[in-house]
Amino acid sequence: MLRGANIVLGVSGGIAAYKSAYLTRLLVKAGANVSVAMTEAAQEFIGRATFQALSGNPVFTNLWSARQEADIGHITLADKAGLVVVAPATATTIARLATGAACDPVSCVALATTAPLLLAPSMNVNMWNNPVTQRNLSTLRSVCGAQIVEPDVGYLACNWTGKGRMAEPEQILSAIEAALSPNLLAGKKVVITAGPTREMLDPVRFLSNRSTGKMGMALATAASRSGAAVTLILGPTQLQPPPGVEVISVVSARDMGDALDKVVGRADLVFKAAAVADYAPEDFAMQKLKKGELGGEWSLKLRQTTDLLAKLKDSSAFVVGFAAETTDVVANAKSKCARKGCDAIVANDVSRKDAGFESDTNKVVIVRANGDCVDVPFGSKADVATNIIESVAGWLS
Ligand code: CTP
């Protein structure tokens, strides 16, 4: 997504400037062309050579340098930017931008650009809470449409603890990707089920499966970036859900079904990425079952669960199922799609080591109810999710 994107990174004078060096690295690694502008105060914290080396581009530091203005002047940078990111955005820089005071390399570029503006504030907690700072941020949001990556709460370099620590570079990168994503699902409500379910036998034992929820999480991130309002119905997982997504945590297949019943009526699009247990124990013991009582053998009686995907047959939403297959992937997916009455099904070959359960990468084919197939290239689950969203968004009426 960031391949070839022109990003101007404005660095202003805060201790978090050191994190912006890593942000530059992440952006370059993702394929972006990064040009850095620095205020004088920023150069007290970190040298221009660091950004020059990491970005591979000259760094704009001086409005009065004839050479810099000729080569990488503020208008040149402002015009070529696809996005201007100010990180760290100090209280001073935020005030300058909110009042239109173009008096340093960063504020000059940010005010002269017509590209979207993203700010990652960093300051002392009391400066952050000061009504003047909050008013300036609200002006930038409402008047300029600036997006703000909220600072984290924690220990601050000024020895205070509170809100004001610049968001981590990975989080800023994710906000940049979101800001540059085409709004393919703007105004759409998307429900995603993800992760495994757990079917409890007693308070300490359960039956489950190998799903980690990575694919569903990646879909939630991609759908949210594409402008959708996302509800994620999430089985037990170690993963952190993406920001901005409504999460309903569930345990069993039955919980997942109940949660789905509550939200599916208002969905435009449903992705059933969860690995729902097909069978659940018929009995649940309220107290831990003791080995002494169970003896040398323990037979379980399992009962088939409701097929949540098949239940959505008459839903007005566009329903995308998932098919975990180990043989005849496309043929099995086609018959599963017809049997469960979904609009499309994403089939993965879970016998591959580099795809399906637990893997960070995936290889899928999307099979539509009309028989058309889209072969999604092998890639990270994030890239595969972006491709799935692109295809499916095109099929929504
Ligand atoms: N699914 C569901 N409810 C279930 C079982 C599965 O909603 N009780 C959904 C999954 O979320 C997925 C799809 O059905 O979207 C296919 O799941 P999969 O495990 O591949 O299929 P099964 O129904 O288990 O069929 P089979 O055992 O024949 O492979």
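In this predicted model, asparagine 159 sits in the loop that links strand 6 (152-155) to strand 7 (161-165). Its phi is near 80°, a positive value in a residue other than glycine. Asparagine 159 counts as exposed because its relative accessibility is 57%, and the cut-off for that class is over 50%.

Glutamate 358 is not a glycine either, yet has a positive phi of about 70°. With a relative accessible area of 42%, glutamate 358 is partly exposed. Such backbone values stand out because most residues other than glycine have a negative phi.

The backbone also has a cis peptide bond, which joins alanine 87 and proline 88, with omega at about -5°. Proline 88 belongs to strand 3 (residues 83-89). Most peptide bonds, by contrast, are trans.

Helix 11 (residues 214-225) and helix 15 (residues 381-395) have axes that come within 8 Å and cross at roughly 55°. Helix 11 is therefore oblique to helix 15. The crossing of the two helices is right-handed. On the side of helix 11, the contact is made by Lys214, Met215, Ala218, Leu219, Ala222 and Ala223. Helix 15 contributes Lys381, Ala382, Val384, Ala385, Thr386, Ile388 and Ile389. Sorted by class, the contact of helix 11 with helix 15 comprises 10 nonpolar, 1 polar and 2 charged residues.

Terms used. Residues numbered from 1 in each chain as written. Predicted model: local features only at pLDDT ≥ 70, side-chain atom pairs only at ≥ 80, totals over all residues. Heavy atoms only, no water. Axes fitted to C-alpha atoms, helices over the stretch in contact; angles between N-to-C directions. Helix = DSSP H or I, 4+ residues; strand = E, 2+ residues; numbered from the N terminus. Parallel < 35°, antiparallel > 145°, perpendicular 65-115°, else oblique. Left-handed = near helix turned anticlockwise from the far one by under 90°. Contact = heavy atoms within 4.5 Å. Nonpolar A, V, L, I, M, F, W, Y, C, P; charged D, E, K, R; others polar. Buried < 20%, exposed > 50% of the residue type's maximum accessible area, 1.4 Å probe, protein only.
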